[in-house]
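Work through the exercises below with the sequence and the model side by side, and try each task before reading its solution.

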Amino acid sequence: MNWIQGIQRAIDYVEANITEEIDYEEVSKQAYSSSFHFQRVFGILCGFSLGDYIRMRRLSLAGEELSKGNAKIIDIAMKYGYDTSEGFSRAFTRFHGIAPNEAKHGGKVKIFTPLSVKMVLTGGSKMDYRIEKRDAFEVVCKRKSVSKPQSANATTDITALWQEYGVDGTIGKLISYIPENPVMKGLLGICFSSELNAKQFPYGIGVEYDGRKIDDDFEVVTIPKNTYAVFTSKGKMPDAFIETYHRVVTEFFPQSTQYEYAENVEFEVYSSADTSSPDYQCEIWIAVNEKKQ
């Protein structure tokens with residue numbers, strides 16, 4: 001099943017259960033994907049999160065029902081997942097621009113239609129990448145549980161982690177641990193997407209490990225054998241990174257006849273700290289599987 005079919009299945013599942021408590025893990029299963037990867041790709045493709053989509057669809061449907069003038073506000077609030085009429089009223093007013101009572105008496109409401117995924121002919125531009133096959137290797141890092149990204153943007157948790165480790169000297173120590181000839185030439189942002197739960201996943205900052213003695217506040221993590229698709233991002237950060245990741249999701253994976261996303265690990269490889277430079281380069285390493293022919 002390709003990405004287009006998978007995302008449409010997930011949307012159909014949401015629509016069929018729009019008045020129920022929706023399990024994001026189950027939505028992702030409809031696309032044969034992990035929750036982490038599905039929500040990130042969904043955010044990149046749609047420009048809003050899965051949670052925002054569900055909220056806007058519910059408020060849109062609530063507006064349609066109230067505009068008929070027959071339903072009680074509290075009944076509609078409960079139907080679409082709000083515990084109190086006050087909370088529903090605030091959300092409804094922000095979305096529609098009018099209060100629920102006004103909608104009942106002929107006020108104009110907004111419509112947010114269901115998503116329909118269609119294949120659009122794109123491409124015609126060159127996207128450079130390379131394939132790297134690596135045996136198991138080790139990294140030395142510090143990691144914490146952070147909230148899931150809803151797009152290519154770093155979450156506030158990840159941004160705060162980089163700032164924290166820069167101030168407390170962690171990054172300086174990690175740089176001193178970089179081997180003489182690493183395969184990944186720089187400081188690593190490591191997304192352990194295979195170890196996620198419903199809301200969070202471990203994110204680490206580290207470098208390749210060469211076996212030397214390290215401080216006790218760092219850990220050594222073994223990265224299993226993987227094949228990686230490697231993409232180079234060129235330009236001022238974070239805009240260049242976001243654009244590159246968007247193209248990976250919207251061009252590379254949907255159109256690749258050889259590779260598909262593997263639920264394992266992703267690396268951001270930063271070669272220097274000068275991220276504001278218009279010529280800055282970093283790499284994105286994404287674990288992939290070869291498609292079965």
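**Before the exercises**

Val41 lies in helix H3, where helices (H or I, at least four residues) and strands (E, at least two) are DSSP runs, numbered from the N terminus. The model is a predicted one, in which local features need pLDDT of at least 70 and side-chain atom pairs count only at pLDDT 80 or more, while totals for chains, interfaces and linings use all residues. Residues are numbered from 1 along each chain as its sequence is written, and side-chain values use heavy atoms, with hydrogens and water left out.

**Exercise 1. The protein as a whole**

Describe the secondary structure of the protein and the box filled by its C-alpha atoms.

*Solution.* Begin with the secondary structure, which comes to ten helices and eight strands. Next, take the box along the principal axes, which the C-alpha atoms fill with dimensions of roughly 75 × 45 × 35 Å. Finally, of the 293 residues, 46% count as buried, a word that means under 20% relative accessible area, with exposed meaning over 50% and partly exposed in between (1.4 Å probe, protein chains only).

**Exercise 2. Strand S7 and its partners**

Which strands pair with S7, and over how many bridges?

*Solution.* Two strands pair if DSSP finds at least two bridges between them. Strand S3 (residues 187–191) pairs with S7 in the antiparallel sense over five bridges, and here Gly189 has Glu268 of S7 as its bridge partner. Strand S8 (residues 281–290) also pairs with S7 in the antiparallel sense, over eight bridges, and Tyr259 has Glu290 of S8 as its bridge partner. Turning to burial, ten of the twelve residues of S7 (residues 259–270) are buried, so the strand is largely enclosed by the rest of the structure.

**Exercise 3. A threonine and its neighbours**

Where does Thr227 lie, and which residues does Thr227 touch?

*Solution.* Thr227 lies in strand S6 (residues 226–234), and its relative accessible area of 17% is the reason that it counts as buried. Leaving out residues up to four places away in sequence, Thr227 touches Ile131, Glu132, Lys133, Tyr259, Ile286, Ala287 and Val288.

**Exercise 4. Cysteines**

How many disulfides does a search of the whole structure find?

*Solution.* A disulfide is a pair of cysteine sulfur atoms within 2.5 Å, and the search of the whole structure finds zero. For Cys46, the nearest cysteine sulfur is that of Cys191, 20 Å away. For Cys191, the nearest is that of Cys141, 12 Å away. As for accessibility, Cys46 is partly exposed at 25% relative accessible area, whereas Cys191, at 3%, counts as buried.

Definitions and conventions. Contact = heavy atoms within 4.5 Å.
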